[in-house]
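Try each one before you read on.

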Amino acid sequence: MYPHYTTDDFLQDTAFRKWVLQGEASDDAFWADVLLNHPNQRATIRQARELLLTLHERVETDFPSEQQVNTLYKRIWKSAQETSVRPWRQWPVWLAAASISLILGLGGWWFSRKNNHRISPDEPMGQIVSDRLEQVRNNTSSVLIVNLPDGSQASLEPRTQLQYRKAFADTIREVFLEGEAFFEVQKNPDKPFLVHANAITTKVLGTSFRVRAYDRDQQIQVMVKTGRVSVFPTQSTKHQDPEKDGLILTPNQQATFTKADAHITRTLVEKPAPILPPAEVKLFSFRNAPLAEILQAIEKTYGVEIIFDEEQLSNCRLTTSLGSENLFEKMDIICEAVGASYKLVDARIVVDSKGCD
Amino acid sequence: MKAIGATDQEDQRYWNRFRNGEEAAFSWLYQRYVRVLYSYGMKINRDSNLVEDAIHDMFTDLWRTRSQLAEAESVRFYLFRSLRRKIHRSLRPEAEYPQPFTAETDHWQPTLASVEANMISDEEIALQSARLKAWLTYLPARQYEALILRYYQEFSYAEIAAIMNISEQGARNMTQKALQTLRRLALVLTLCFLGLGWLLKFFSGK
């Protein structure tokens, strides 16, 4: 039946939905087999999967907060009582007791749940033009989420200070950071987003990344999770445009700026994370596959560049199933299996192999 | 959390208890459905106050008229249809589909222009879910609504037709059209991807 399935058929298939939405490991094997046996359905399955996951995510981002749910219910119940008081009298006592304990129970459940509610400005701020700098300082011991006027978000680590204009200017979005923060920037090609931290500036259009720039540290670091960012010294002695002195970083890359010599170097972050959705990474199993194919899959998953000699590796084949290992552990496993080695050069992985027989 | 693991039979059981005036059952139904209803409402209209009010009115009415309510074959269907009507009734026709939704005839169009913007659209290719999200926002509102009813709420085409006030064939067409747009978009992006790979090879080969 699967060979003739359309996207619609997959989306309605109970087994398929369960696999995508619940992600049981036992289902993986079954669907890996389907993929293997029906390679022409690969694109359809991927599309269906992608659509289903995205739809669910989109629906769930619009869920009300638990507080909203709670308040709304109180409002409903109050209005409902205004015209009909009678039902209360009809109620047996045990029923009233049961519903009170149910409400208490639900209340407990609400409060015990992790509070995901985010701080958001009460009114759209973009309307008022103001030069005044808004200043947020995280004096708590946990991460503080700040919603910026353009919808971007900054997660401030403890002892971190962020300043920004109450209304971002028309042409530029600019924040000033002391300490460490993770940014998720709303995409807007017309208005670059700049993070000034100490002596360096990080410029993006829409992406997520972390800047670590504590005053006491000798180095400033910028780590990219998604998208691309440009990192450069805020002032340059060599070029009129300081951006020319900088680097472009892609996901899982990190720039380190040494204050002493104003030098920027590029490397990979300590623990590169997959840039693909987790569901897709799960399908990482290979049966007697060419090494080049496996390396390309890793390149794609982590968005890193792996340099190798395709001709030299042409006889290397491998059967392996990679799971939760991080990038470097995966590389260790693969290289050991084929007697190769690798090193990091300028944020790229260079594989050295004598080839296989 | 969507279903809190409940079934249609359970729905009916609670529905009947609620009709008998049991608040616990009423609150159970509210808790089970308020999140998906709210989210659905927000897809029809981005005004959260309006959506909250519609949900408030709907549930308040339900409680007040409970003794006149019939047995429900599908509680979910009943609630979705009532909410949609409530929201539409509180809107003037021209405000029915505000931004970012566009009219039925609108298409997805790549609008980025500058070099930097191209950089971002490359990145988009790698980030599939992000791209799909963007695509969904450009999808005509009613197609999007049909997709959600079909593949998130798992309504039948007959139910979608009744909720959206269109024919069953219309519901079917709308869903299929949305899937077609997706396929077309996927093809375009695949071609871009291949082209990019070819270019890279071409240059690194030199």
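Q: How many bridges join strand 8 of chain A to strand 9 of chain A, and do the two run parallel or antiparallel?
A: This is a predicted model. Strand 9 of chain A covers residues 219-226. One pair to look for is Ser208(A), which stands opposite Thr226(A) in strand 9. Strand 8 and strand 9 of chain A are joined by five bridges and are antiparallel.

Q: What joins strand 8 of chain A to strand 9 of chain A, and through how many residues?
A: The two strands run antiparallel. The link between strand 8 and strand 9 of chain A is a hairpin, and it passes through five residues.

Q: Which residue in strand 8 of chain A stands opposite Gly179(A)?
A: Strand 8 of chain A (residues 208-213) also pairs with strand 5 of chain A (residues 173-184). Six bridges join these two, and they run antiparallel. Opposite Gly179(A) stands Ala213(A).

Q: What is the strand order in the open sheet of three strands, and which are its edge strands?
A: The order is 15-18-17 in chain A, with mixed pairing. An edge strand pairs on one side only. That picks out strand 15 (305-307) and strand 17 of chain A.

Q: By how many degrees are neighbouring strands of this sheet turned against each other on average?
A: The sheet in question has the order 15-18-17 in chain A. Direction is ignored here, and the average turn is 25 degrees.

Q: Which residue in strand 18 of chain A is the bridge partner of Ile307(A)?
A: Strand 15 and strand 18 of chain A pair in the parallel sense. Three bridges hold this pairing. The partner of Ile307(A) is Val350(A).

Q: Is Leu344(A) buried, exposed or partly exposed?
A: Leu344(A) sits in strand 17 of chain A, residues 341-345. A buried residue needs 20 or more C-beta neighbours within 10 Å, and an exposed one has 12 or fewer. Leu344(A) has 13 inside 10 Å, so it counts as partly exposed.

Q: How far apart are the end C-alpha atoms of helix 10 of chain A?
A: Helix 10 of chain A has twelve residues, 327-338. At 1.5 Å a residue it should span 16 Å. The model agrees with that, since the end C-alpha atoms are 17 Å apart.

Q: Which elements of chain A do the buried residues of helix 10 pack against?
A: The buried residues here are Lys330(A), Met331(A) and Ile334(A). They pack against helix 9 (291-302), strand 16 (317-321), strand 17 and strand 18 (348-352) of chain A.

Q: How many helices and strands does chain B have?
A: Read along its sequence, chain B follows the pattern α-α-α-α-α-α-α-α-α. The count is nine helices and zero strands.

Q: Which elements of chain B do the buried residues of helix 1 pack against?
A: In helix 1 (residues 8-19) of chain B, the buried residues are Asp11(B), Tyr14(B), Trp15(B) and Phe18(B). They fall within an arc of 110 degrees, so they line one face of the helix. They pack against helix 2 and helix 4 (75-89) of chain B.

Notes: Residues numbered from 1 in each chain as written. Chains lettered and ligands numbered in written order. Predicted model: local features only at pLDDT ≥ 70, side-chain atom pairs only at ≥ 80, totals over all residues. Helix = DSSP H or I, 4+ residues; strand = E, 2+ residues; numbered from the N terminus. Pairing = 2+ DSSP bridges. Expected span 1.5 Å × (residues − 1). Contact = placed C-beta atoms within 7 Å. Axes fitted to C-alpha atoms, helices over the stretch in contact; angles between N-to-C directions. Arc of directions from axis to C-beta.
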